[in-house]
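Reader: I would like to work through this model one feature at a time. Please give the general idea first and then the case.

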Amino acid sequence: MNPRVITVTLNPAIDETVELEHLIPGAVHRALGVRFDAGGKGINVAACLADWGVPTAVAGVLGRGNAELFEALFNAKHLQDHCLRVPGSTRTNIKLLADDRGDTTDINLPGLTLAPDTLDAVSATVQALFAPQPLLVLCGSLPRGLADNSWARLLTLAAAHGVRCVLDTSEAPLAAALALPAPQLPYAVKPNRHELETWAGRPLGERGALLDAACALQARGIARVVVSLGADGALFVDAARALLARPPHLSVGSSVGAGDAMVAGLCAALLEEADLETSARLATGFAAAKLSRPGAQLPAAAEVRRLAATTVIEAWR
Ligand SMILES: Nc1ncnc2c1ncn2[C@@H]1O[C@H](COP(=O)(O)OP(=O)(O)OP(=O)(O)O)[C@@H](O)[C@H]1O
Ligand SMILES: O=P(O)(O)OC[C@@]1(O)O[C@H](CO)[C@@H](O)[C@@H]1O
């Protein structure tokens, strides 16, 4: 079956989540438990979309040395595997989950160093999946060896084929992508507050300042701008409206990949050509649903829909 969504992850990771009672810098900790999940932003997005029943392909790279955990996930979720195998092993990122804090401390490693021509190979693989037109989702950091404009190059390729893109990245690769001329910009972006502040070059603590930065991106030609704000919800902007979507009250198991689940929900809404409010509900429902469980997985669709329906939507003021 042709995939309706292709996600690209150029710097995947095995997430080693270590559960602690508390986290005290400099102290010796006895862990309560540990788990290993195949991750990386695009792979997490794909896993959530697969749980939602969307035929999805994964592209990008995987280190040949430890690809088994990823392959097991792809098989379990029926994800079409188009990841290029490269020499070496995919990085392991440490996620410290402290029971008394309710948040996660991330230690993300740099990852593999790729040969510069790796992007050409990934581009060719992705381009071969362009008919019929899928949604292309570009996520995460770039590994060493790839230029900061790597996502921008894939966006330019997609634009040349009329393929809509969703982008979730940070720092210089985000800046390079957002500097593209309007026709090559992604259809949607999902920075978190910190990523948007880095792009804007100023703090965005004030509601007005955050809205101005999101609207500036929208005015440049990005149809949907979503700024995720952790427990405070997310700002959703299109040409007509700006909405705050607040998740229902819930107990948080692991926040790792909540943003990726939100991107998956945004994609699911785009596939249905949903309006801004419906998109905000579904994206928040996906994120809230993921929070109850470790790894990138959604509960049954009925539970996601219940969370989407109980998401509080307000005009952003
Ligand atoms: N502690 C929380 N309580 C309730 N909802 C949360 C919480 N953390 C995240 N969310 C939901 O998940 C969405 C995405 O979270 P967040 O803003 O942390 O994304 P992110 O920074 O991209 O995360 P990551 O990089 O770990 O995927 C939020 O907009 C919100 O709807
Ligand atoms: O280093 P990047 O690419 O910015 O982020 C990688 C990462 O933190 O993103 C996912 C959560 O969003 C995790 O699975 C993974 O470890």
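**Helix pairs**

Author: Helices α9 and α10 cross in the right-handed sense. A crossing is right-handed if the near helix is turned clockwise from the far one by less than a right angle, and left-handed if anticlockwise. Helices here are DSSP runs of H or I with at least four residues, strands are runs of E with at least two, and both are numbered from the N terminus. This is a predicted model: local features need pLDDT of at least 70 and side-chain atom pairs count only at pLDDT 80 or more, while totals for chains, interfaces and linings use all residues. Residues are numbered from 1 along each chain as its sequence is written, and chains are lettered from A and ligands numbered from 1 in the order in which they are written.

Reader: At what angle do the axes of α9 and α10 cross?

Author: Two packed helices are described by the angle between their axes and the distance between the axes. Axes are lines fitted to C-alpha atoms, for helices over the stretch in contact, and angles run from 0 to 180 degrees between N-to-C directions. The axes of α9 and α10 (residues 301-310) cross at roughly 120 degrees and come within 7 Å. The two helices are therefore oblique to each other. Under 35 degrees counts as roughly parallel, over 145 as roughly antiparallel, 65 to 115 as roughly perpendicular, and the rest as oblique.

Reader: How do α3 and α4 pack?

Author: Their axes are 11 Å apart, at an angle of about 30 degrees. α3 and α4 are therefore roughly parallel to each other. The crossing of α3 past α4 is right-handed.

**Sheets**

Reader: What is the strand order in the open sheet of four strands?

Author: Two strands pair if DSSP finds at least two bridges between them. The order is β3-β2-β6-β7, with mixed pairing. β3 (33-39) and β7 (104-107) are the edges with a single partner strand each, so one side of each has no neighbour in the sheet. From one strand to the next the twist averages 20 degrees.

Reader: How many bridges join the pairs of that sheet?

Author: β2 and β3 run antiparallel with seven bridges; in that pair, Thr17 has Arg35 of β3 as its bridge partner. β2 and β6 are parallel over seven bridges, with Val18 opposite Leu96 in β6. β6 (residues 92-98) and β7 run antiparallel and are joined by four bridges. Leu96 is also the bridge partner of Thr105 in β7, and Leu97 stands opposite Thr104. In a regular strand the side chains alternate between the two faces of the sheet.

Reader: What lies between β6 and β7?

Author: They form a hairpin with five residues between them, and Gly102 in the turn has a positive phi of about 75 degrees.

Reader: Which strands make up the sheet of 10?

Author: This open sheet, also of mixed pairing, has the order β5-β4-β1-β8-β9-β10-β11-β12-β13-β14. Its edge strands, β5 (80-86) and β14 (312-315), pair on one side only. Within it, β1 (residues 5-9) and β8 (residues 135-139) run parallel over five bridges, and Ile6 stands opposite Leu136.

**Backbone details**

Reader: Where is there a cis peptide bond?

Author: The bond from Ala131 to Pro132 is cis, with omega near -10 degrees. Pro132 sits in the loop between α3 (118-127) and β8. Another backbone feature is His78, which is not a glycine but has a positive phi of about 55 degrees; His78 lies in the loop between α2 (68-77) and β5.

**Ligand shells**

Reader: Which residues come nearest to ligand 2?

Author: A residue counts as near a molecule if its C-beta atom, placed from the backbone, lies within 6 Å of it. Of the 17 residues around ligand 2, Ala13, Gly39, Asn93, Gly140 and Ser141 come nearest. At least two residues each come from β2 (13-20), α1 (41-51) and α8 (258-271). The shell has two nonpolar, 11 polar and four charged residues. Ala, Val, Leu, Ile, Met, Phe, Trp, Tyr, Cys and Pro count as nonpolar, Asp, Glu, Lys and Arg as charged, and the others, Gly among them, as polar.

Reader: How many residues surround ligand 1?

Author: There are 20, with Asn192, Ser228, Ala258, Gly259 and Ala287 closest. α8 and α9 (276-291) are the elements that give two or more residues to this shell. The residues around ligand 1 divide into 11 nonpolar, eight polar and one charged.
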